[in-house]
Amino acid sequence: MRAVVTYEHGGLDRLVYEPDYRDPVAGPGDVILRVHACTLNYHDVFTRRGMPGIKVPLPLVLGIDVAGEVAALGPGVSGFSVGDRVLVDPIERVNGGLLGESFDGGLAELVRVPAHMLIALPDDVGFAEAAALPVAYGTAYRMMLTRGKIQAGETVLVLGASGGVGTCCVQLAKQAGATVIACASSDEKLARLEALGADVTINYATTDWVAECRNRFGRARVSHRNEGGIDVVVNFTGGETWVPSLKVMRRDGRLLTCGATAGYDPAEDLRLIWTFELNIVGSNGWSRDDILALLTLVREKKLEPVLHPERFPLERAVDAMRLLDDRGVYGKVVVEPG
Ligand SMILES: NC(=O)c1ccc[n+]([C@@H]2O[C@H](COP(=O)([O-])OP(=O)(O)OC[C@H]3O[C@@H](n4cnc5c(N)ncnc54)[C@H](OP(=O)(O)O)[C@@H]3O)[C@@H](O)[C@H]2O)c1
């Protein structure tokens, strides 16, 4: 089969297109899927580069988010037939592991997946839209609703709003009835975020965004318990955005985090946390029910998986991945092995 293989950790040049790579073999309980869509996540960038503390079996086919068609069944599989449309829940919840990190993923024509990881895909949801959901949208769903408990009337600031997780956070916050402030690094991305429903947009590459937030929403003060500042800040960027995020929050506000694209050990300012009684809320991953709930929202047209305008054949997966490396992505980048 054709596949994009990572033989060793490193930069984009470590993604090798192989026109004739080994076909996957279905063991007991496995299915082989023909991959129709694989969407990329920043996690793929981390896996390619190599993450401290996480051992990856190399060579590895990256690609965590996969939708496709059942091409073959291993021994003992029931409930699925050849030709079925399916979405993969990428967490291996029985034996442990993650598709595209612990075992070969979706940047290939074919992928082996244990059948218990499959979700039947309704005919009215496209492969690319479905493949946008599990990692980014599943994580956003848990972070915003289960952990973050976003409420109508709250103000919600989303940093990195243009990416996979970010576009879903914007939509879920709007749907909950919140006022959404979306931050991104280009005016083009901000125009799209406005069209997606963001109430306020800030280009944090060209603006002092802390000053801008304080001008618009005030700032927390010890003497004024319930006045000034933003109710919820969504920060999966970390790095230099961490302390500024604390500075725009209202007293007793919530900072939601599920990642650290720009650095996991940022400078900290504990004074802000105790003085303004701030709440730091972590969120990790998603449940199967989260994916099913997202599929229902998509079918009901209440949520739109945002897809990057350009789609990529497998041969150009490196160009697709470059968009994430270079912060050029809007929404989810789709690779279509075809
Ligand atoms: N814990 C979990 O279960 C979980 C699940 C999914 C994702 N995550 C984490 O969430 C984060 C976002 O993931 P994603 O897949 O949504 O990423 P993505 O699609 O690449 O979007 C990330 C966005 O963050 C912004 N950004 C700010 N600083 C950046 C930097 N130094 N490098 C790259 N982008 C930067 C970029 O927008 P601008 O250029 O406009 O700023 C970019 O579009 C990642 O850290 C990921 O690991 C965690």
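This is a predicted model: local features need pLDDT of at least 70, side-chain atom pairs count only at pLDDT 80 or more; totals for chains, interfaces and linings use all residues.

Domain 1 is made of two segments, 3-132 and 307-336, while domain 2 covers 135-282. Taken over C-alpha atoms, their centres are 30 Å apart. Across the boundary, 12 residues of domain 1 are in contact with 11 residues of domain 2. On the domain 1 side, that contact set has six nonpolar, three polar and three charged residues.

Next, the overall dimensions. The C-alpha trace spans about 70 × 40 × 35 Å along its principal axes. The radius of gyration is 20 Å, and this agrees with the rule for a compact globule, because 338 residues would give a value near 20 Å. Of those 338 residues, 47% count as buried. Among contacts with a separation of 6 or more, 68% are between residues 24 or more positions apart. The secondary structure comes to 10 helices and 16 strands.

I will show two places where strands pair. The first topic is an open sheet of three strands, in the order β2-β1-β4, with antiparallel pairing. Which strands stand at the edges? They are β2 (15-18) and β4 (60-61); each has a single partner strand, so one side of each has no neighbour in the sheet. Strand β1, residues 3-6, is joined to β2 by four bridges, and V4 stands opposite Y17 of β2.

The other place involves β3, β5 and β6. Strand β3 (residues 30-39) and strand β5 (residues 65-73) run antiparallel and are joined by eight bridges. Here A37 stands opposite A67 in β5. Strand β5 also pairs with β6, residues 85-88, again in the antiparallel sense, over three bridges. In that pairing, E69 has R85 of β6 as its bridge partner.

K332 is in the loop between α10 (317-325) and β16 (334-336). Is K332 buried or exposed? K332 counts as buried, because 27 C-beta neighbours lie inside 10 Å and the cut-off for buried is 20 or more. Leaving aside residues up to four places away in sequence, K332 touches T39, A132, A136, G164, P305, V306, L307 and H308. For T39, the C-alpha to C-alpha distance to K332 is 6.2 Å, although the two are 293 residues apart in sequence.

L98 sits in the loop between β6 and β7 (110-114). L98 has 18 C-beta neighbours inside 10 Å and therefore counts as partly exposed. With residues up to four places away again left out, the contacts of L98 are I64, P90, I91 and E92. L98 and I64 are 34 residues apart in sequence, with 7.4 Å between their C-alpha atoms.

Last, the backbone. Most residues other than glycine have a negative phi, and most peptide bonds are trans. Where does this model depart from that? The peptide bond from L58 to P59 is cis, with omega near 0 degrees, and P59 lies in the loop between α1 and β4.

There are also two positive phi values to mention. D252 is not a glycine, yet its phi is about 65 degrees. D252 is in strand β13, residues 249-257, and is partly exposed, with 14 other C-beta atoms within 10 Å. R327, also not a glycine, has a positive phi of about 60 degrees. The place of R327 is the loop between α10 and β16, which is also where K332 is found. R327 has 15 C-beta neighbours inside 10 Å, so R327 counts as partly exposed.

That is what I have; I will take questions now.

Terms used
Residues are numbered from 1 along each chain as its sequence is written. Two strands pair if DSSP finds at least two bridges between them. The radius of gyration is taken over C-alpha atoms; the globule rule is 2.2 Å times the number of residues to the power 0.38. A residue is buried if 20 or more other C-beta atoms lie within 10 Å of its own, exposed if 12 or fewer, and partly exposed in between; C-beta atoms are placed from the backbone. Two residues are in contact if their C-beta atoms, placed from the backbone, lie within 7 Å. Domain bounds come from an automatic or database domain assignment. Ala, Val, Leu, Ile, Met, Phe, Trp, Tyr, Cys and Pro count as nonpolar, Asp, Glu, Lys and Arg as charged, and the others, Gly among them, as polar.
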